[in-house]
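Please open the model in the viewer and follow the selections below in order.

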Amino acid sequence: MSESGPLLEISELNVAQDGETLLERFSLRLEAGESAIILGESGCGKEALLRVLGGFPDKNDSITGSIAFAGGESRSAAKRLRPPIRIAYLPNPLSQPFAPHASVLDQLVRIVARKQGAPLGSAREELRLALERLSEAVTPALLDAKPGRLDPVTQAIALLAAVSAGTPDLVLADHAMADLGPGAVRMMLELLAAERKRLGFGLLYVTGGLQPPARLGGRVVVLRAGRVVEEGDAARLMSGHAHAYTSLLFRALPQLSFEAVKPRPARGQPLLQVHALGYGPAPQDSLTFELRRGASLALVGEDGSGRRALLRALLAFEHAPAGRVIFDAVDLNVLSQKMAARLRRRIAFITGTDECLDPRMSLWDTVEEPLRAHLNLTGELIAGYRETALKRVGLASHDGDRPVASLSPFDKRRLQVARAIVGAPLLVVIDEPLRGLDAFGQTILREVLTDFRITHEPAFLVVTSDFTVAQSLAEEAMVFHEGRIVERGAIADILREPREAASKALIEAVRLPALPPGQASV
Amino acid sequence: MSDTPVLGTVLRAAGWAGLGLIAVTVSLSDFLARAPAGSTQSGAMLHAPCDAHPFGTDLLGRDMLSETLHGLSQTAFHALLGAAVAVLCGGLFGAVAARLPRPVALTLRGVFGIFAAVPALLLTILAIGLSARFYAPLAAGLAAAPLAFVRAFDHVDIDSTHAEYARATGIPALTLLKRDLTFEFRRMLGSVAARALAAVTIILSTASFLGFGAEPPARDLGLMIAAGKASYLTAWWTAAFPALALILLILCARLAAGLDEGERP
Amino acid sequence: MRRFLARQASGLVVGICGAVAVAAAISAIAEPRAHGALPYLEAAAARLGHFAQGDFGQSAISGLPVLDELAIRMPPTLLLVLAGAVVALLAGLPLGLLFSVGSARRAAAPLVQIVTAMPVFCAGLVLAYGAVHLLHWPVSINLPPGTPVPPDQALQIAALPVLTVGLAGAASVQLALRRAAAQSSGEAFRSGLKRLGLGVFEIERRFVMPQVLAGLVASAGDIMLALLSAAVVAEWVFHRPGAADLFVKSVALADWNMTAVILLVFALLAFFTEFLGRIAGFVLANEGKP
């Protein structure tokens, strides 16, 4: 198809909802085969942009402005007409786009068939070919299962295959790789770049994280509160020669530090002592280590590598087949429920899925519950502790009676930290703390957790797949791969001289390439 | 999206307002009624609605307006009693039982499940037949309790993730129970009570229609409609007004319970 | 799938045993010597033994063996329940599906609340009134029970109880449908699949409808309870001789043998319907497949 004009031209797009402006005077021109990354924190208007371009606006959106496709005539953006080019939408598998009771393969084949206007048989063949190109591991047979059975990375690959099987002219990626783990994000972005090179489609990638601009490069449009703050090449924006807001945004991009760190001598009493704990599939997987008060340990590995199994054995959620776990000089498995409960008060949890929060409780009740349940304090004292904890995490000005269910993920995460602070724990278990947060949220949460560690000195047990998180919160690490611990030691040592392939892969996943200025990486 | 909550709130408010109005009417029934309950007027049999008798008279010459008002207060009072029993022995007990030690909880669930397999109406008739008629509202409440118990029991999510984490951090089971009761019940008590009221009203009135109601001379609406059954095909007012009053009570209770379709009625 | 089957089967067995025990307990009330806790328990145990041998006692009213009496009276009731179920599905299914679609559900909810606020006996009386005054049909409301019915009027006489039971069942059916629809409406996949490119109709037909129907089938137990309740009322209102009507009379005349056995039959009916419904719902909802 010969195009005399740009693939996509947006002029003066305004989107408002209930009197609130979501997007203001947005203009963009995208040539065929070009890519643009729309970057901003949550609420900056990128969701509204995607809704309008994708053709699924909200009922209360009021839209003005015009859009022209493929050099055709400019039409009002408010009208939902079929665009003359093929537009594909690439969602994030964690947003649960699939019907939970039907097979993923069935759904994808139907999507491809509808996009192509082809019968199901040829759509299935197209999908199979696309999957072959992307990954050997993901086959149509594997995808013939319910979405609950497939891990998110497999679903992401399947979605990308479905998108490319439809041979689109323009792909709208909606935070497509967010929260998949740095290794997976890197792999998926490389696959996306390869597909774009092969098929030549235009790409509009909407994101709140900094991995896509750092890895894909190319043109970046920075949005803030509905307005374009800056537009330019990724390398230049990352280098610091940019608007103050952009620089602030990119400064949030965590980098690994490879400097030699003076080892901190282990000072406190032993908090967690593990003797020959059987944790993995093979009988010889037994673990012996010691975690002292105030020290911290990171369990680093991809999803499914066995970190959480070890965590459950450590915290005596389940009876381990062999070995002993001693928490604060007491064997948890030997104690009765009631006595173990008293010890367990000194453990706190912070999880990335916010599942330790009861959605029905209010903000204040969540923070006050450990105090009320375990101590006999007056209402004033409880209120005092609550205020202190909430101030530390920045939630003091929020309405205390709001139910937890109505909070944003960022607020929920901070609420978990406040609840942990209030309990004065000896051990804090942190599980993927930055999941679901945008760039600013991640920076602030890192600061909150580091501040918590410095002021209260609990021991941290961090479960993560991101070495930068491990480095900022812990000194020692255990690297997991396929259910076993492959490497242990001080993080600084592992970073400088990784011995195992798994460790190297995890380090590479968060090591960002230096992008030469003015050159897109694809 | 934003009109559903508004509609829901309006209807719920209308339901509670209706119940309030009925409560006022019931408490003033002795004043509003022109004649004491059950009093007949000779020579005034089966008069159509007119100025002297706005709701007409029945087969025995009783003024239908007075009878309806007295019957409404009887039915409403009995239903309230029965609803209280159903909520306490059914809903509340079910929510508490779910957090008891597992073998005890499952046994209770099994026992109540057997009784919940029989239609509540039949249980009520049986219970009233076995005991004195004086206990009719109590029997209706107890008969409606098994179903309420089973629903409340199944509603408690004992293995929810946040409960697991709470136990892992040493929060005692009693606190978790308090959590459930405070947050669920406080939010739902109004709608649970209204729903129980509607269900018990239907059961009680049907039971008294079938002849298992409270002792005469107290006549409630079900009994009135049963009495009107003989004559209503020709004299429609003998059954229509009690029926309307009954439907109004049930409707207001249903509306007050809310439009939550996720919940069963 | 097997675990689910085993759980449902064990629930069924527990239910049946419990129902039989309760029936024995009720039947033992009739025992003249059962005064005091221990003699009563002994009488109940003895009754249980009789049940095991197939001896369900005799009716205190007619003197006939209970099973013989039920053999005459139960079939009309079962027929009534079955016919009512057919009407319930015919009326409730389309209405329920209609009212479960998005905006119609919100608008229809208050209307449905108003209509279902009517107790079954009121509905029966209204239907009879309409039949007499609008259709000029004969009704059996005020006929003495057991009056022979001329064959040309039999259908009209039989129609009203069936319609009454059917409407009560229809209310239950459409409630089950709306509940299942409400559950699936909150899920993210509807907008997700739409954005990916599938049409709304295709999404509803292939992915939403099976879940909604599965929800309906799984609620078969509730619907059966509603039908049984309505059958009792309908038989009484329209003076149809049947087991449900017999139940009411037995309780009124303290014939506990008969009461216990009728209750047992109804409970078994409800248990089996729930069991079959749950399994069918499980299969329809595709839960068993990986």
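Select helix α5 (residues 120-130) of chain B together with helix α11 (residues 256-284) of chain C: their axes come within 12 Å and cross at roughly 160°. Axes here are lines fitted to C-alpha atoms, for helices over the stretch in contact, with angles from 0 to 180 degrees between N-to-C directions. The crossing therefore makes α5(B) roughly antiparallel to α11(C) (an angle over 145 degrees). Helices are DSSP runs (H or I, at least four residues), numbered from the N terminus.

This is a predicted model, in which local features need pLDDT of at least 70 and side-chain atom pairs count only at pLDDT 80 or more, while totals for chains, interfaces and linings use all residues. Residues are numbered from 1 along each chain as its sequence is written, chains are lettered from A and ligands numbered from 1 in the order in which they are written, and side-chain values use heavy atoms, without hydrogens and water.

Next, display the side chains between the two helices. B:Leu122, B:Leu126, B:Gly129 and B:Leu130 of α5(B) meet C:Trp256, C:Thr259, C:Leu263 and C:Phe266 of α11(C) (contact means heavy atoms within 4.5 Å). By class, this contact has six nonpolar, two polar and no charged residues.

Now colour chain B by pLDDT, the predictor's confidence in each residue from 0 to 100. Its mean is 81, and 90% of the residues of chain B reach 70 or more. Over residues 261-265 of chain B, the pLDDT is below 50.

Finally, select A:Ser257, in the loop between α9 (244-251) and β11 (270-278) of chain A. Leaving aside neighbours within four places in sequence, A:Ser257 is in contact with A:Gln471 and A:Leu495.

How values were computed. Parallel < 35°, antiparallel > 145°, perpendicular 65-115°, else oblique. Nonpolar A, V, L, I, M, F, W, Y, C, P; charged D, E, K, R; others polar.
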